[in-house]
Amino acid sequence: MERVNVVEDAAGRARFIAMMGERGQTPNAVPTFILGERVWVGFAPPIAEAIEAQLGSEAAEAVSRYRLDLGPLGRLDLAEQPMLVGTLLIAFVDGFNPCSLWVLTVLLAMILGSGSRARTAAVGGTFLLVTATLYGLFIAGLFAALSVAHHLAGIQLVVALFALGFGAVNVKDYFAFKQGLSFTIPERFKPRIYRGSRAVRRDRPLPAILLTTVVLAAGVALIELPCTAGFPVVWSSLVAEAGIQGPAFAGLLASYLVVYLLDEILILGTAIVTLRIGRLQETHGRTLKLVGGMVMLALGGVLLIEPSLMESLAGFLAVVGIALAGTLAVIAVSRRGSG
């Protein structure tokens with residue numbers, strides 16, 4: 001609740017007059033209480049009770065708006081879990097990473113030649129398990145480092161500038177793919193990835209194929225880190241700044257990895273059922289980079305200008321919503337210009 005002096009402060013008096021005018025009221029006495037569209041003039045026990053009732057009603061409505069009923073697991077109040085919601089949003093966008101999606105589709109295209117759903121499931125599942133495990137270890141390492149350094153002067157500025165730079169490069173790739181600085185898998189590594197994927201296709205015992213898959217997945221996880229490092233850095237910084245530690249961090253990290261893998265699990269499941277897989281085209285990769293880049297720019301801008309926005313559910317939703325709206329605007333303008 002905000003208190004405005006309308007007697008001695010000319011600006012406050014002008015604001016009071018304007019607010020009353022917006023509600024079709026004439027300012028004629030103080031104290032005056034304004035809550036939403038409702039106005040109370042004067043103060044008495046009935047007025048105090050009416051204001052308290054209105055505040056309670058709005059608070060209950062806000063809580064119920066963000067409450068999920070999980071059945072036997074109880075209810076989850078999202079309004080009190082901004083970091084959980086932020087984790088789910090960031091991980092979801094991070095999951096649509098063109099580097100990891102490209103490698104997965106190449107691997108599945110090779111193994112599908114065997115015509116075996118069981119072998120496809122074993123190889124694809126092993127690949128996702130290894131890459132997710134190494135990705136989780138990478139994020140945990142980032143978090144450990146940022147937990148120690150988050151109190152240092154300027155660390156948040158460094159993270160914000162990193163996010164802005166990372167996002168700008170990805171947005172650039174939408175217009176000029178792989179021209180200049182680009183966070184993609186270097187061309188010199190692609191022949192090795194193809195060779196590793198072809199090795200998985202050979203007619204060998206399943207344990208040998210899975211061992212090859214583990215080696216390939218570990219190598220790919222290291223190679224594609226430049227493509228994927230952006231969101232983990234920002235997310236780890238936000239969690240460290242929130243002071244989350246121990247089991248709470250482990251739960252958030254597990255949630256991050258599960259959501260991060262959702263699109264790849266869907267691709268794997270589709271490949272197992274249909275024994276077919278499409279290839280990630282350059283157009284798709286450019287669009288995914290634009291989405292990730294715009295979200296990174298939004299997160300970096302907020303960390304630079306108003307980091308407190310990341311402490312609320314509404315703030316997280318607003319940042320991601322603005323980024324996605326900006327993405328649609330860029331795509332529309334680009335298509336109109338090319339047409």
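What follows is a conversation that sets values for this predicted model against the definitions of the words used for it.

Student: What makes the chain more spread out than a compact globule?

Tutor: The secondary structure of the chain comes to 13 helices and four strands. Its radius of gyration is 26 Å, whereas the globule rule gives 20 Å for 339 residues, and because the value is well over the rule, the chain is described as more spread out than a compact globule. Taken along the principal axes, the box filled by the C-alpha atoms is roughly 90 × 50 × 45 Å.

Student: How much of the chain counts as buried, and what share of its accessible surface belongs to carbon and sulfur atoms?

Tutor: Of the 339 residues, 42% count as buried, where the word asks for under 20% relative accessible area. The accessible surface comes to about 17,800 Å², and 64% of that belongs to carbon and sulfur atoms. As for contacts between residues at least 6 apart in sequence, 68% of them join residues at least 24 apart.

Student: Why is Thr 87 called buried?

Tutor: Thr 87 is found in helix 3, and its relative accessible area is 0%. The cut-off for buried is under 20%, so Thr 87, at 0%, is buried. When its neighbours within four places in sequence are left aside, Thr 87 is in contact with Trp 235, Leu 252 and Tyr 256, contact meaning heavy atoms within 4.5 Å.

Student: What makes a space a cavity and not a pocket?

Tutor: A cavity is a set of points where a 1.4 Å probe fits but cannot get out, whereas a pocket is an open set.

Student: What lines the second largest cavity?

Tutor: About 40 Å³ of space lies in the second largest cavity, and its lining is made up of Leu 146, His 150, Ile 155, Gln 156, Ser 237, Ala 240 and Glu 241. Two or more residues of this lining come from each of helix 6 and helix 10, with the largest share, three residues, from helix 10. The lining of the second largest cavity divides into three nonpolar, three polar and one charged.

Student: What is the volume of the second largest pocket, and which residues are closest to its centre?

Tutor: The second largest pocket has a volume of about 240 Å³, and among the 13 residues that line this pocket, Pro 98, Trp 102, Phe 177, Lys 178 and Lys 190 are the closest to its centre. Helix 4 (98-111) and helix 12 each supply at least two residues of the lining. The classes in the lining of the second largest pocket are six nonpolar, three polar and four charged.

Conventions
Residues numbered from 1 in each chain as written. Predicted model: local features only at pLDDT ≥ 70, side-chain atom pairs only at ≥ 80, totals over all residues. Heavy atoms only, no water. 1 Å grid on protein atoms, 1.4 Å probe; cavity = no way out; pocket = protein on both sides within 12 Å on 5 of 7 lines; lining within 4 Å. Points joined across faces, edges and corners; volume = space filled by probe spheres on them. Nonpolar A, V, L, I, M, F, W, Y, C, P; charged D, E, K, R; others polar. Rg over C-alpha atoms; globule rule 2.2 N^0.38 Å. Buried < 20%, exposed > 50% of the residue type's maximum accessible area, 1.4 Å probe, protein only. Areas by Shrake-Rupley, 256 points an atom, 1.4 Å probe, with all protein chains shown as cover.
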